[in-house]
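Please go through this protein chain piece by piece, with the structure open beside the text. Each heading below takes up one part.

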Amino acid sequence: MPMPPIISKKAARAQGLKRYYTGVPCKHGHTADRRVSDSGCLGCKNQRERDRRKKSEHQSKELQRNQLYRTQLRHDVLSNYGGKCACPGCDIAEPRFLGIDHIEGGGRKHRKEIGSGPGLYVWLRNNDYPKDKFRLLCHNCNHSYGHYGFCAHGVSNGKV
Ligand SMILES: [Zn+2]
Ligand SMILES: [Zn+2]
Ligand SMILES: [Zn+2]
């Protein structure tokens, strides 16, 4: 990199320049231009920007890995619970419509202990997918059970 000509801050300011150059490295060892406004080293500024970029790249990779892991985990849980709505008379098997239901309620307490979403899925996997306390329900059936204590499907089919 060609070295810029040495110019003091005062001289640079007098010439209306935004940068000056003393030839003296900053405390981080950059021999770079400095800003007239606050004497800030442009080498440091570039370094900060590089670091920020690296960090955000790292974070987005981490996020991707995380999402992949969650998708996989959710897939495992759903397939271990039969992959379809447990309600008689309902055959919703679309994963996006399905969720884990706490049989006999108790959901709130349990959720408090282990959290909902990914926390619950991790818990289920670690506990070998207990079928006595949990089942897979589509959101419709889940809602119906939650609000009325029975599913509209069961009623219309004469089964509960
Ligand atoms: Zn610097
Ligand atoms: Zn259903
Ligand atoms: Zn149902």
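## Strands 3 and 4

Strand 3, residues 98-102, pairs with strand 4 in the antiparallel sense. Five bridges link the two strands. One bridge joins His 102 to Phe 134 of strand 4. The model is a predicted one.

Is strand 4 largely enclosed or largely open? Strand 4 covers residues 134-138, and four of these five residues are buried. The rest of the structure therefore largely encloses strand 4.

## The chain as a whole

The protein chain has six helices and four strands. From the N terminus on, their order is α-β-β-α-β-α-α-β-α-α.

How much of the chain is buried? Of its 160 residues, 15% count as buried. Now take the contacts between residues at least 6 apart in sequence. Of these, 50% join residues at least 24 apart.

## Helix 2

Helix 2 runs through residues 42-80 and has 39 residues. From first C-alpha to last, helix 2 reaches 57 Å. That is close to the 57 Å expected at 1.5 Å a residue.

How many residues of helix 2 are buried? The count is one among 39, and helix 2 is hardly covered. After helix 2 comes Gly 82. The phi of Gly 82 is positive, near 95°.

## Where helix 2 meets helix 4

Two packed helices are described by the angle between their axes and the distance between the axes. Here are both values for one pair. The axes of helix 2 and helix 4 come within 10 Å. They cross at roughly 55°. Angles from 65 to 115 degrees count as roughly perpendicular and those under 35 as roughly parallel, so helix 2 and helix 4 are oblique to each other. The crossing of helix 2 past helix 4 is left-handed.

Which residues meet there? Helix 2 brings Arg 70, Leu 73, Arg 74, Asp 76 and Val 77. Helix 4 brings Pro 118, Tyr 121, Val 122, Leu 124 and Arg 125. Keep the helical repeat in mind as you look. An α-helix has 3.6 residues a turn, so residues three or four places apart point the same way.

Helix 4 covers 118-126, and a loop lies between helix 4 and strand 4. Asp 128 is found in this loop. Asp 128 is not a glycine, yet its phi is positive, about 65°. Is Asp 128 buried or exposed? Asp 128 has 8 C-beta neighbours inside 10 Å, so it counts as exposed.

Tyr 129 lies in the loop between helix 4 and strand 4 too. Tyr 129 has a positive phi of about 50°, and it is not a glycine either. Tyr 129 has 14 C-beta neighbours inside 10 Å, so it counts as partly exposed.

## Asn 142 in helix 5

Helix 5 spans residues 139-148 and holds Asn 142. Why is Asn 142 called buried? Asn 142 has 22 other C-beta atoms within 10 Å, and the cut-off for buried is 20 or more.

Setting aside neighbours within four places in sequence, Asn 142 is in contact with Gly 99, Asp 101 and Leu 137. Asn 142 and Cys 87 are 55 residues apart in sequence. In space, their C-alpha atoms are 9.0 Å apart.

## His 153 in helix 6

Helix 6 takes in residues 152-156, and His 153 is placed there. His 153 has 20 C-beta neighbours inside 10 Å, so it counts as buried.

Which residues does His 153 contact, leaving aside its neighbours within four places in sequence? They are Cys 87, Pro 88, Gly 89, Cys 90 and Cys 141. Gly 89 and His 153 are 64 residues apart in sequence. C-alpha to C-alpha, they are 5.8 Å apart in space.

Key: Residues are numbered from 1 along each chain as its sequence is written. Chains are lettered from A and ligands numbered from 1 in the order in which they are written. This is a predicted model: local features need pLDDT of at least 70, side-chain atom pairs count only at pLDDT 80 or more; totals for chains, interfaces and linings use all residues. A residue is buried if 20 or more other C-beta atoms lie within 10 Å of its own, exposed if 12 or fewer, and partly exposed in between; C-beta atoms are placed from the backbone. Two strands pair if DSSP finds at least two bridges between them. Two residues are in contact if their C-beta atoms, placed from the backbone, lie within 7 Å. The expected span of a helix is 1.5 Å times one less than its number of residues. Axes are lines fitted to C-alpha atoms, for helices over the stretch in contact, and angles run from 0 to 180 degrees between N-to-C directions. Angles under 35 degrees count as roughly parallel, over 145 as roughly antiparallel, 65 to 115 as roughly perpendicular and the rest as oblique. A crossing is left-handed if the near helix is turned anticlockwise from the far one by less than a right angle, and right-handed if clockwise.
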